[in-house]
Amino acid sequence: MRKLYFLVVLFSATLFAQENKETNAVDVTFLRGNVLPHTDDLYHLVTGHPEGVMINFSKQTHGSKEWHKIFGYPDYGGYFLYQDFKNEILGKSYAAGMHYDFYFLNRNLVFKLAQGIAITTNPHDKETNSKNSVFGSKILGNTNFGLTYKKDYLVDNFGLQAGLLFTHFSNGRMKAPNSGINTYSLSVGVNYNFEDKVTREKDTAKVDLTYKEPIRYNIILRTGVNESPIIGSGQHAFYHLGFYADKRLNRKSAVQLGTEVFLSNFFKDFIKYQSVAYPEDNLDPNTDFKRVGVFVGYELFINKISLEAQLGYYVYQPYKYNIPVYDRVGMKYYFNKKIFTGLSIKTHGFLAEAMEFAIGVRL
């Protein structure tokens, strides 16, 4: 968990440390919505309409960096999110992290992407809160997507906004249970710009679609701890070692093709448990726990930070506990052109398997 906290702080510090000619803004948004059940054990926990408040502190870009223009002068900064799930078993959550706002339709439509860490007030406890199958630990990961219609400077420096926000809380199965929870909410809020309105000149520069860069080869190690679905079975370290090639398509984008080996140590004990608990399955307790996957991916380069999504398939999976298809979403930070670190979530559909801390080299 210390690695996760360090990485979020590193990303946030990097954002605010850039020496850009930027302006500052804050917005406060009120949320009310619904839980989106994705497993059967969530339905009995849906007893109300979750409510919350999201506060965003933003740096507004005006073109002093190349990436400002390429991405349409986005905002970036930090956020705080409070959410009440309207259920005594689930309790409340408090999250903080970093966000990007990307603008469309003459800067009236905003797409928000935010990621951070959260604390829940009522995690699972076998004695006092055994019915909570959603949060197995007090500390969670938090991801948010939003689409907002925004009008600035309606009254002096104040403006209004309204839209939709999708939120996700999960510990990446660092500790069981971990169904995680998703909500979708209507949002309405007020924003305030600390400086007067800035007129941005229309940018006529285009992204170089013939961005020249040879195929690059990447070696990456993703690690962390997770636990089997058996509550109290204990946390075990995992090691996901990958090798992939990427090809830059332009300034923004690259595609990936690679393979990786999964050494998830919790499977060793879990396979033995399953072979004893369910003898009718005729599972050999010595079944190989290792897995090998192949994947395709896409990487969106912003500045020193990039966003990554991958879709993979297990070509070697002797113990078939999960479906053969897996996916991963994450964020990477480049210290320089060759060395990077990152944070990602590996899942099978909506079910998380691991929250991965990564270190890698791009050759």
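Reply: The largest cavity holds about 190 Å³ of space. A cavity here is a set of points on a 1 Å grid over the protein atoms alone where a 1.4 Å probe fits but cannot get out, while a pocket is an open set with protein on both sides within 12 Å along at least five of seven lines; lining residues have an atom within 4 Å of a point. The volume is the space filled by probe spheres set on the points, which are joined across faces, edges and corners.

Me: Which residues lie nearest the centre of the largest cavity?
Reply: T29, N56, K112, T148 and Q161, out of 17 lining residues. The elements that give two or more residues to that lining are β1 (23–35), β2 (51–60), β5, β6 and β7 (158–170). Helices (H or I, at least four residues) and strands (E, at least two) are DSSP runs, numbered from the N terminus.

Me: And by class, what is in the lining of the largest cavity?
Reply: There are 7 nonpolar, 6 polar and 4 charged residues. Nonpolar covers Ala, Val, Leu, Ile, Met, Phe, Trp, Tyr, Cys and Pro; charged covers Asp, Glu, Lys and Arg; the others, Gly among them, count as polar.

Me: How many cavities of 30 Å³ or more are there?
Reply: The structure holds 4 of them.

Me: Before going on, how far do I trust this?
Reply: It's a predicted model, with local features needing pLDDT of at least 70 and side-chain atom pairs counting only at pLDDT 80 or more, while totals for chains, interfaces and linings use all residues. Residues are numbered from 1 along each chain as its sequence is written, and side-chain values use heavy atoms, with hydrogens and water left out. The chain averages a pLDDT of 89, and 91% of the residues score at least 70; pLDDT is the predictor's confidence in each residue, from 0 to 100.

Me: Where does pLDDT stay under 50?
Reply: Over residues 1–20, for which the model has 42 contacts beyond four places in sequence. Contact means heavy atoms within 4.5 Å.

Me: Back to K112. What is its bridge partner in β6?
Reply: G146. K112 also lies among the residues nearest the centre of the largest cavity. Strand β5 (residues 109–120) and strand β6 (residues 139–155) run antiparallel and pair over 11 bridges; two strands count as paired if DSSP finds at least two bridges between them.

Me: What do those strands belong to?
Reply: A closed barrel of 8 strands, in the order β1-β2-β3-β4-β5-β6-β7-β8, with antiparallel pairing. Its neighbouring strands are turned by 25° against each other on average, direction ignored. Those angles use axes that are lines fitted to C-alpha atoms, for helices over the stretch in contact, and angles run from 0 to 180 degrees between N-to-C directions.

Me: OK, what about the strands from β9 on?
Reply: They make a closed barrel too: β9-β10-β11-β12-β13-β14-β15-β16, 8 strands with antiparallel pairing. The twist averages 25° from one strand to the next. Helix α3 (residues 266–277) packs on that sheet and touches β9, β10, β11 and β12, its direction making about 55° with that of β11.

Me: Last topic, pockets. How much space lies in the second largest pocket?
Reply: About 800 Å³. Its lining has 37 residues, and L113, T143, F145, V329 and G330 lie nearest the centre.

Me: Which strand gives the most to that lining?
Reply: Strand β14 (residues 325–334), with 5 residues. By class, the lining of this pocket has 21 nonpolar, 12 polar and 4 charged residues.
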